[in-house]
Amino acid sequence: MELTTPIHGVKGVGAKTEQLFQKTGVYTVGDILLRFPREYAQFPEPVEIDEAVADKRQAVILRVDAPAVVKRARSMPVTVCAGRHGQAQMEFVWFRMPYVRNTLKSGETFILYGRAQQKGTGLSMEQPAIYTPEQYGALAGTLQPVYGLTAGLTNNLYRKTLRQILLDEKILQRDHLPDGIRKKCRLAEYNYAVSQIHFPDDFEALTQARRRLVFDEFFLFILAMRLQKEQVQKLENAYEIDCREELLEPLLEKLPYPLTGAQRRVLGEIRDGLCGPYVMQRLIQGDVGSGKTVVAFLAMYLVSRSGCQSAIMAPTEVLAAQHYETFTQYCELFGLHIPVILLTGSMTAKQKRNAYERMQLYRNAMVIGTHTLIQERAEFADLALVVTDEQHRFGVRQRETLALKGYSPHILVMSATPIPRTLAIILYGDMEISVIDEVPARRLPVKNCVVGTGYRKKAYEFIAKEIKNGHQAYVICPLVEASEHTEGENVTDYVEKLRQALPSDVCIDVLHGKMKAEAKNRIMEAFAKNEIQALVSTTVVEVGVNVPNATVMMIEDAQRFGLAQLHQLRGRVGRGDAQSYCIMINTSDAKEAGKRLEVLNKTNDGFKIASEDLKMRGPGDFFGIRQSGDLAFQLADVYQDARELQQAAEEASALLADDPKLSRPEHEKLRARLERYLSEDAGRLNL
């Protein structure tokens with residue numbers, strides 16, 4: 001069996017199962033090996049029924065005194081088994097699983113694992129996993145991988161398939177990392193790391209495996225960036241852009257608000273780059289709401305005024321459509337006759353043809369789109385400036401592909417992810433860095449509060465009040481749906497809970513990453529038009545449309561998110577003139593969780609939060625939710641893995657100084673892996 005073997009080549013994977021695997025992005029044996037666990041389940045010591053507590057996932061000992069019974073509710077079989085210990089009783093319930101009755105035989109003892117809930121005077125546990133004491137004993141103390149799945153694909157089947165590949169087939173890959181680097185940095189061997197990330201022997205083995213794979217992700221990313229930098233560094237500027245400051249003043253006077261000092265400073269740096277002797281490559285870092293978009297428009301205006309085209313690539317169709325509307329409004333406000341062209345994947349063939357024709361016809365157009373801009377049919381007449389919005393959503397090769405649509409165009413990248421400057425220099429080493437570190441004065445700071453679960457009812461009442469006043473609200477949950485092993489609220493169940501809590505005339509809908517792009521776009525557009533008043537969502541809204549009318553951001557299980565990500569989510573509100581609020585529900589009793597969230601409570605400065613995030617991370621923080629957006633990494637996180645990032649950068653620099661083209665025989669495996677990485681990157685859109 002090879003890495004390229006189709007997944008149906010694994011024993012036990014038939015045609016139907018193969019289709020389910022493909023829905024998760026797994027087509028080959030190599031795909032599944034590199035699709036790492038979302039988290040790990042840790043099985044606690046079993047407790048008696050009278051020791052069980054509500055709202056906690058736990059293992060409970062059930063001694064079956066009376067047989068389970070199967071009832072019917074709305075044509076659905078419901079299996080119920082009652083247990084008792086001392087004076088306490090507990091009910092165990094399974095939906096659509098009548099066969100469970102045959103398993104739970106009278107007189108036998110089982111360990112049931114699930115989440116207990118208060119029901120009347122007793123506790124109830126729905127859909128618990130069933131183990132014999134021997135089976136559970138084998139799991140106790142182990143770390144069991146939990147994967148992101150699709151309906152019909154179970155975690156057990158996923159684990160079984162991986163175990164067969166790793167243990168039975170024993171697929172081995174050549175370690176691409178030079179021995180000298182691996183030994184110097186004390187990194188695990190590659191095959192060991194892949195095996196242990198899926199089936200760790202213990203926490204120490206998992207830590208070592210993850211560290212090696214995180215180093216790999218950073219190392220390959222940085223090598224790719226540095227090699228690209230060598231290709232484009234000091235390219236002579238092919239475009240003569242008129243960047244005189246007086247050209248911008250008539251536009252600035254018509255703005256409804258003055259630019260901040262930081263916006264003016266960054267605009268000056270961009271002007272210097274556009275009219276300099278070399279091609280500009282610049283990153284604009286600006287906190288959420290700092291006004292990066294108007295700066296990008298003004299840069300694109302200078303290019304258009306000089307008779308050349310510019311393009312801005314957004315990560316989602318909704319965001320691209322919003323940029324199109326904003327740029328069109330700016331042109332009307334300033335009295336400019338500049339063609340603004342929109343190009344997205346969901347447009348009809350006729351609409352796309354029209355866009356292609358206009359891109360050829362108007363040599364001074366502003367073109368706005370998604371990844372469709374880098375596809376073969378999209379041809380520009382005279383592309384002089386390329387802007388990518390939310391750079392971390394696009395990979396190395398994708399940015400390069402868009403740049404190749406013109407003859408050495410200037411590159412401008414915008415990111416709202418507040419990465420400390422020391423790390424930004426490493427990640428964007430091929431660019432100059434500008435920072436917009438002021439928020440427009442007209443924006444009111446978001447008011448924050450960190451509360452426990454007892455505050456939920458008041459929070460719902462507050463949301464209802466804001467909606468009654470004509471505003472809207474986001475509610476963020478960490479999970480898409482209930483998980484057998486994962487604590488936390490999920491959007492699927494929460495939307496029903498919220499419908500019961502809010503008035504019946506409030507329109508509530510749900511948004512998550514497993515939805516098709518068309519459905520996500522439709523929901524976000526409806527929310528932007530206030531057709532939906534409360535949106536229950538995962539972090540998919542982190543990079544979303546501008547909805548100035550949204551004034552409440554409520555985040556469930558806030559302690560599960562990184563501070564930087566919480567700050568990004570909070571940035572979805574406070575974008576209009578009304579006072580906005582962020583309610584963070586802390587469901588943990590841990591003092592450290594409260595301490596971390598208090599940082600957000602005290603400041604709205606994204607860069608200060610990012611620095612605090614770096615300081616407060618511990619070695620066990622990778623259990624839970626990814627912290628810093630996508631950045632094209634599967635495991636690595638620029639905050640918690642800052643040490644590995646810096647180490648990878650140092651080793652990449654030393655390697656390229658010694659062998660700039662990686663042409664030596666001993667680097668053949670690394671060169672091949674880097675080519676594969678760039679090939680994978682070309683198709684990685686993270687949408």
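1. In this predicted model, the contact between two helices, H11 and H12, brings Thr 293, Val 294, Phe 297 and Met 300 of H11 against His 323, Phe 327, Tyr 330, Cys 331 and Phe 334 of H12.

2. Two packed helices are described by the angle between their axes and the distance between the axes. Here helix H11, which covers residues 292-305, packs with helix H12, residues 317-334, at an angle of about 60°, and the two axes lie 11 Å apart. The angle makes H11 oblique to H12, and the crossing of the two helices is right-handed.

3. Elsewhere, six strands form an open sheet in the order E17-E22-E21-E18-E20-E19, and their pairing is parallel. Strand E17 (447-451) and strand E19 (508-511) are the edge strands, each of them pairing on one side only, while the twist from one strand to the next averages 15°.

4. Within the sheet, strand E18 (residues 472-476) pairs with strand E21 (residues 550-555) in the parallel sense, over five bridges, and Ile 476 stands opposite Ile 555 in E21.

5. Which strands does helix H17 touch as it packs on the sheet? Helix H17, residues 491-501, touches E18, E19, strand E20 (534-537) and E21, and its direction makes about 170° with that of E19. Helix H20, residues 591-602, also packs on the sheet, where it touches E17 and strand E22 (581-585), and the direction of H20 makes about 160° with that of E17.

Key
Residues numbered from 1 in each chain as written. Predicted model: local features only at pLDDT ≥ 70, side-chain atom pairs only at ≥ 80, totals over all residues. Heavy atoms only, no water. Axes fitted to C-alpha atoms, helices over the stretch in contact; angles between N-to-C directions. Helix = DSSP H or I, 4+ residues; strand = E, 2+ residues; numbered from the N terminus. Parallel < 35°, antiparallel > 145°, perpendicular 65-115°, else oblique. Left-handed = near helix turned anticlockwise from the far one by under 90°. Contact = heavy atoms within 4.5 Å. Pairing = 2+ DSSP bridges.
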